[in-house]
Amino acid sequence: MGKWWKDVVGYQIYPSVFNDSNNDGHGDINGISDKLEYLKDLGIGLIWVGPIYRSPKVDNGYDVSDFYNIDESYGTLDDVKNMLAKAKSLGIRVIFDLVLNHTSSKHEWFIDACNNVDSKYRDYYIFKDPNDEGGRPNNWKGFFEESVWTYVPKINKYYMHIFSKEMPDLNWDNKELRQEMYKVARYWLDMGVDGFRLDAIAHLAKDKTFRDSKAYKDDLVYDPSKFSNRKELFKYLKEFKKEVLDHYDCVTIGEVGGCATTDEALKYSNYKTGYFNMVFNFDTCWENGAYGSIDKSDSEIKTNVYNLKLLFEKWYKDIDEKAWLPLYWLNHDHPRVVSQYGDIYYRKESAKMLGLTLLFMYGTPFIYQGEEIGMSNVNHKSLDMFKDVNAVNIINEYKDKYTEKEILRFLNRASRDNARSLMQWSSNQVNHGDFYLNENYKVVNVEDNLKDKDSILNFYKKIIDLRNNEYHDEAVYGKFKLIYRKNKDVFAYQKIKDKKIMVISNFRDYIVNFRDYVSENKIIMHNYKDVMVVNNKLVLRPFECYLIEII
Ligand code: GLC
């Protein structure tokens, strides 16, 4: 089962805020190239680069207006070629984000489809006539808090978009459209990209009956089953694999998100008949309900460690030996994990603990930029500071029901903007643009982390090195087993291969009396300076963690 994408540690780059090489206020491709040595030194073997195609950037590049060219703000195609060559020389693989579900409303196909009666592109999208009363074709609500339908007066039709209205969905029933999208994928693979993270891939097929979802009143209904994991989708994926993926040594990671069970995940990615190498699920990202619960105060949002463990265990048990998983705490769609499952008052301890817990679990870990220095949520001071299209829609939806303070509290905890502030490189960082620079950059930054032996970054480096080298087989191929399973505060597990290793992580900001102390074990990593034993019990201080080899 030795595949390169199992052995590596991945790192996600969100290009607009990663590194700005020409001080124009916007991250760019040369900025990524400039940091490849940094990533190599960190032990990274695979980078996932967010969308850099030409785009009006309503949704930060996921709204693509030209799949074959690079947005000017990021640089040029030559910059991409240089970046790929440099990554290759350093032994870092590069995957791109491929957006197959929709285009930008500024894509030439869509413009033509809205303006030209005979446009062949009309069928590239999903257009419908108004209903009998002239209203929208049905009551479906999309992911970004709005109806999936937007009206185009000029042609008296509605078009479908499950994300924002500037991102019309493509019609995958259309054979020609499918071929166009395969061409896009081949183009980037031929250029030397090592694979893709496949954006919103679960949604390519829709319920073409377009029947209303059951509603209480006339309200819009959020029912993603109408456009998720549908039968026809798997036909498209089969064709995509046969016509494109099978011809390349590439890795593919589908985003199947919040609406997939482990059974569904297996359909996408099982070793025998799956279409992708792995799929991202969201289960473990939202355990504490930070999202979707504006009515809960911050103090009510407490991680249920027991549930969190069971979620990881379930995915492992259902998938082990049948498929492979990516492992991650957050991506650009989530709040910062130190703020969510950790604690900014114990930044060092909790960031290290979270890193260790993830790195030795199972699957291919993905670190999100800034996680390695403990970057935390942004303290937005007013609602007009939120830029994410989803946050803006939430503000519009909630503004009549909640006070500004309530919405602000909710979004500061849950918004995607939390992960989209500038990567903090140094305490002298100058913000040349209008992205947000978290005010803690003076103390939370790469430069200072590099100098401090005990920093979060140096801890990450060590654990990645242990995973890549000395304990590689246990970390990557060992059998995963939760231990002290019922413990409500501590996440502990073993990984067993030739050697037997154990991770013990206290997820609490208080002291936990853990278990009998066993002195003969070898402590490999620890985020406190000494071991605390009281009455022969191992005592865990706030967010204390151990990596132990059982001798
Ligand atoms: C995925 C991306 C997200 C984007 C959406 C629409 O979920 O991760 O950032 O908004 O797809 O493309």
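1. Let's start with His332: an N or O atom in the His332 side chain is 2.8 Å from an oxygen atom of the ligand. Such a polar contact is a pair of N or O atoms within 3.5 Å; within protein, one must be able to donate a hydrogen and the other to accept it, and residues adjacent in sequence count only if both atoms are side-chain atoms. The side chain of Asp199 also has an N or O atom 2.7 Å from a ligand oxygen, and for His102 the distance is 3.0 Å. Of the 300 Å² of accessible area that the ligand has on its own, the protein covers 96% (areas by the Shrake-Rupley method with a 1.4 Å probe; for residues, only the protein chains shown count as cover).

2. Before going on, please note that this is a predicted model, where local features need pLDDT of at least 70 and side-chain atom pairs count only at pLDDT 80 or more, while totals for chains, interfaces and linings use all residues. Residues are numbered from 1 along each chain as its sequence is written, and side-chain values use heavy atoms, with hydrogens and water left out.

3. Now look at the second largest pocket, with about 860 Å³ of space. A pocket is an open set of points on a 1 Å grid over the protein atoms alone, where a 1.4 Å probe fits, with protein on both sides within 12 Å along at least five of seven lines; lining residues have an atom within 4 Å of a point. Grid points are joined across faces, edges and corners, and the volume is the space filled by probe spheres set on the points. The lining has 31 residues, with Ser339, Gln340, Gly342, Asp343 and Ile344 nearest the centre. Helix H13 (404–414) gives the most to this lining, 3 residues (helices are DSSP runs of H or I, at least four residues; strands are runs of E, at least two; both are numbered from the N terminus).

4. Finally, check two backbone angles. Asn60, in the loop between strands E3 (53–54) and E4 (66–70), has a positive phi near 50°. Tyr484, in the loop between strands E16 (479–483) and E17 (490–496), has a positive phi of about 50°. Most residues other than glycine have a negative phi.
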